Amino acid sequence: MSTVRITYFNIRGVAELTRLLFVYSEHDFEDERLEREAWPARKPESPLGSVPYIRLENGHEYPQATSIARYFADKFGLRGKTDEEKLHADVVVDLVRADIIPMLTKIFLEQDAEKKESGKKEAQEKIQAWFEKIETKFIKGESTILESGTSWADIALFNCVNDFFPVFEFKLDEKNVKINKVVQSVKANPKIAAWLEKRPESVL
Ligand SMILES: N[C@@H](CCC(=O)N[C@@H](CS)C(=O)NCC(=O)O)C(=O)O
């Protein structure tokens, strides 16, 4: 049986959550990072014409970053213990993956300096308003979002704050004490800390 392979560009981007789930769960994976020039030749044979995509041990391939992450969160027992916990974790994951990351990616790609600056300001305000709600309503554990312990929502939140925020010079507001605890707790995990040391440098 072959190792699971995740194929993406040489960036953290939307594939890093799955890489972090592999690392956290000590699951071997092949981290295939394509150079941009190599992509046109690979695109036609990729499952949906996009990266990231995953090749499972049985050889089957699947696209869509968050579907891939959800599949492994389930497999590794990180989706939540009950259906309601899964819903709770999904709320945070979707906020990060469907609202925040696409908004930040759009700003990253913006060429007009003025629009980039105003986009950053608007994004910062929106994120702060969302984070205030997360802080007061959605953190149920001591340093975890779910009462039952670590879930993929903690890792997605960590990925957002640790990997995306610095690109835009965003910082966590000091009022977000509970969010900071979640982020620091993921960061302090020895397997995650070792990965942060050894993963390739990239702009996003
Ligand atoms: N909804 C998809 C979007 C994937 C996507 O837009 N991937 C970009 C890179 S981040 C891509 O494949 N770009 C190359 C292309 O579209 O040919 C997902 O979350 O996986």
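Q: What do the buried residues of α5 pack against?
A: They pack against α4 and α7. Contact here means C-beta atoms, placed from the backbone, within 7 Å, and helices are DSSP runs of H or I, at least four residues, numbered from the N terminus. By the way, this is a predicted model: local features need pLDDT of at least 70, side-chain atom pairs count only at pLDDT 80 or more, and totals for chains, interfaces and linings use all residues. Residues are numbered from 1 along each chain as its sequence is written.

Q: Which residues of α5 are called buried?
A: Ile127, Phe131, Ile134 and Phe138 are. An α-helix has 3.6 residues a turn, so residues three or four places apart point the same way.

Q: What makes a set of residues a nonpolar core?
A: Its members are buried Ala, Val, Leu, Ile, Met, Phe, Trp, Tyr and Cys, joined through C-beta atoms within 7 Å. The largest one here has 46 residues, and Leu21, Val92, Trp152, Ala156 and Leu157 touch the most other members. α6 gives the largest share, nine residues.

Q: What does Ala156 touch?
A: Leaving out residues up to four places away in sequence, Ala156 touches Leu17, Val92, Val93, Val96 and Arg97.

Conventions:
A residue is buried if 20 or more other C-beta atoms lie within 10 Å of its own, exposed if 12 or fewer, and partly exposed in between; C-beta atoms are placed from the backbone. Helices (H or I, at least four residues) and strands (E, at least two) are DSSP runs, numbered from the N terminus. Two residues are in contact if their C-beta atoms, placed from the backbone, lie within 7 Å.
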